[in-house]
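Thanks for coming. I will take a few minutes to walk through one structure. Please look at the strands while I talk.

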Amino acid sequence: VQLQASGGGLVQAGGSLKLSCAASGITFSVATTSWYRQTPGKQRELVASIGSGGVRHYADSVKGRFTISRDNDENTVNLQMGSLNPEDTAVYYCKTTRRSHDYWGQGTQVTVSS
C-alpha cells in the first residue's frame, strides 16, 4: 500500500488550497481515510476524516473552512481548505485505515503567510 499526498504550497492568509491523497494497493471506498497535520514540537493532530460510508468528521479548528471528500473513480481523498490562516501552517499527512492497519503517506507542506 502506498499513499501519495500532494497539493501543498505557500498561500496568503484568507486563501485556499486543495490537498490530494492518491492510493495504490488499497481502495479508499472501503477504508477510513484521514488528514492529519503536524507542526514542529507538536503532536500530529487529526484534521478531518471520511469513513467508508461517507461519514465525515472535522476538528473544531477547521469546521466550516475545510471539506474532505473522496473520489471513488480516481481513488483519491481530497482536502479542500479555505479561509486559511497562519495557524494552519503545518505538514499535512494522509492516513488510511483498513482492518486495523494504518497506512501513512508522506507529508506535504502547507505554509500560510500573514
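This is a predicted model: local features need pLDDT of at least 70, side-chain atom pairs count only at pLDDT 80 or more; totals for chains, interfaces and linings use all residues.

With that, the count is 0 helices and 11 strands. If you read along the sequence, the pattern is β-β-β-β-β-β-β-β-β-β-β.

How does the radius of gyration of the chain sit against the globule rule? The radius is 13 Å, close to the 13 Å that the rule gives for 114 residues, so the chain is as compact as a globular protein of that length. The C-alpha trace spans about 40 × 25 × 25 Å along its principal axes.

Some totals for the chain. Of its 114 residues, 41% count as buried. The exposed surface comes to about 6000 Å², and carbon and sulfur atoms supply 44% of that. Now take the contacts with a separation of 6 or more: 51% of them are accounted for by residues 24 or more positions apart.

Next, a sheet. Strands of a sheet pair through backbone hydrogen bonds, either parallel or antiparallel. In this open sheet there are 4 strands, in the order E1-E3-E8-E7, and the pairing is antiparallel. Which strands stand at the edges? They are E1, residues 2–6, and E7, residues 66–71; each has a single partner strand, so one side of each has no neighbour in the sheet. From one strand to the next, the twist averages 15°.

Look at one of these pairs in detail. E7 and E8, the latter covering residues 76–81, run antiparallel and are joined by 6 bridges.

Last, the cysteines. How many disulfides does the structure hold? It holds 1. The disulfide joins Cys-21 to Cys-94, with 2.2 Å from S to S. The link of Cys-21 and Cys-94 is right-handed, with 65° about the S-S bond. Cys-21 lies in strand E3, residues 17–24, and Cys-94 in strand E9, residues 90–98, so the pair ties together parts that are 73 residues apart in sequence.

Are these two cysteines buried or exposed? The cut-off for buried is under 20% relative accessible area. Cys-21 has 0%, so Cys-21 is buried. Cys-94 also has 0%, so Cys-94 is buried as well.

That is the end of my part.

Key: Residues are numbered from 1 along each chain as its sequence is written. Side-chain values use heavy atoms; hydrogens and water are left out. Two strands pair if DSSP finds at least two bridges between them. Helices (H or I, at least four residues) and strands (E, at least two) are DSSP runs, numbered from the N terminus. Axes are lines fitted to C-alpha atoms, for helices over the stretch in contact, and angles run from 0 to 180 degrees between N-to-C directions. The radius of gyration is taken over C-alpha atoms; the globule rule is 2.2 Å times the number of residues to the power 0.38. Buried means under 20% relative accessible area, exposed over 50%, partly exposed in between (1.4 Å probe, protein chains only). Contact means heavy atoms within 4.5 Å. Accessible areas come from the Shrake-Rupley method with a 1.4 Å probe; for residues, only the protein chains shown count as cover. A disulfide is a pair of cysteine sulfur atoms within 2.5 Å.
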